[in-house]
Amino acid sequence: MDDHLLFFLALFPLLAVGGVALIWIGMSGTRKARRRAERERVRASGTVVDMVKRLSLGRGKPLTAWHPVVEFRVEGQTLRHESRDGYLSGQFTIGERVELLFDADDPSRYHLEKLAEWEATGDRITIVVGILWVVIAGIIAWLVSR
């Protein structure tokens, strides 16, 4: 086997690992969103009535996430649930009207449409960046192995 080909075959996987990881992360987010969309199909309008501050650890640092509490009506009944998803400060305000999709079997399982599109776009961007990373890794490995 040619030494240059052997060097390429050794270098390319090392350089491409980050790109493959990004593709996997983006695909994972896409699959999660698809499962959520299959489960949460009923549309409703609601109002943000409160914001609950939750602290968690992320990479050893405290992170603050705000969970909107949304009030909405289902079959004549007013429901009030805290979002399972946390958001950055300022993304929602008390009194804001929001559109949501919820699970008919469990209305406490819902997601806010405002950010669902943003998350989908983020997943697509992550996949594209991962693909570009792998392509660039291949070009670099090929150039170095020549």
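## Helices, hairpins and a pocket

Mentor: Leaving out residues up to four places away in sequence, Ile23 touches Ile127, Gly130, Ile131 and Val134. Keep in mind that this is a predicted model.

Trainee: Where is the place of Ile23?
Mentor: Look at the elements in the picture. Ile23 has its place in helix H1.

Trainee: Is Ile23 buried, partly exposed or exposed?
Mentor: Start from the relative accessible area of Ile23, which is 24%. Buried means under 20%, and exposed means over 50%. With 24%, Ile23 is therefore partly exposed.

Trainee: How far apart in space are Ile23 and Arg43, C-alpha to C-alpha?
Mentor: In sequence, Ile23 and Arg43 are 20 residues apart. In space, their C-alpha atoms are apart by 31 Å.

Trainee: What distance separates the C-alpha atoms of Gly29 and Glu119?
Mentor: Along the chain, Gly29 and Glu119 are 90 residues apart. The separation of their C-alpha atoms is 8.2 Å.

Trainee: What does H2 reach from its first C-alpha to its last?
Mentor: Count residues to begin with: H2 has 32. At 1.5 Å a residue, 46 Å is expected. The model comes close to that, with 47 Å.

Trainee: Which elements do the buried residues of H2 pack against?
Mentor: Pick out the buried residues of H2; among them are Leu115, Asp123, Ile127, Gly130 and Val134. The buried residues of H2 pack against H1 and E5.

Trainee: Why is strand E5 largely enclosed by the rest of the structure?
Mentor: Strand E5 covers residues 106–112. It is largely enclosed because its buried residues number 5 of the 7.

Trainee: How many residues of E4 are buried?
Mentor: E4 is the strand of residues 97–103. The rest of the structure largely encloses E4. The count of buried residues behind this is 5 of the 7.

Trainee: How many bridges join E4 to E5?
Mentor: The two strands form a hairpin, with 2 residues between them. Asp103 stands opposite Asp106 in E5, and Leu100 has Leu112 as its bridge partner. E4 and E5 run antiparallel, and the bridges that join them number 4.

Trainee: What is the bridge partner of Glu71 in E3?
Mentor: Take the hairpin of E2 and E3, which has 2 residues between the strands. These strands run antiparallel and are joined by 6 bridges. In E3, Glu71 is partnered by Arg80.

Trainee: Near what value is the phi of Glu75?
Mentor: Glu75 is in the loop between strand E2 and strand E3. It counts as exposed, at 84% relative accessibility. Its phi is positive, in a residue other than glycine. The value is near 50°.

Trainee: Which residues is Arg54 in contact with, leaving aside its neighbours within four places in sequence?
Mentor: Arg54 lies in strand E1, residues 42–58. It counts as partly exposed, at 39% relative accessibility. The contacts of Arg54 are Leu63, Thr64, Ala65, His67 and Glu82.

Trainee: Which elements give two or more residues to the lining of the largest pocket?
Mentor: About 490 Å³ of space lies in this pocket. Its lining has 21 residues, with Arg36, Asp85, Leu115, Ala116 and Glu119 nearest the centre. The elements that give two or more residues to the lining are helix H1 and helix H2.

Trainee: How many residues of that lining are charged?
Mentor: Sort the lining of the largest pocket by kind. There are 9 nonpolar residues and 5 polar ones. The charged residues number 7.

Conventions:
Residues are numbered from 1 along each chain as its sequence is written. This is a predicted model: local features need pLDDT of at least 70, side-chain atom pairs count only at pLDDT 80 or more; totals for chains, interfaces and linings use all residues. Side-chain values use heavy atoms; hydrogens and water are left out. Buried means under 20% relative accessible area, exposed over 50%, partly exposed in between (1.4 Å probe, protein chains only). Two strands pair if DSSP finds at least two bridges between them. On a 1 Å grid over the protein atoms alone, a cavity is a set of points where a 1.4 Å probe fits but cannot get out, and a pocket is an open set with protein on both sides within 12 Å along at least five of seven lines; lining residues have an atom within 4 Å of a point. Grid points are joined across faces, edges and corners, and a volume is the space filled by probe spheres set on the points. Ala, Val, Leu, Ile, Met, Phe, Trp, Tyr, Cys and Pro count as nonpolar, Asp, Glu, Lys and Arg as charged, and the others, Gly among them, as polar. The expected span of a helix is 1.5 Å times one less than its number of residues. Contact means heavy atoms within 4.5 Å.
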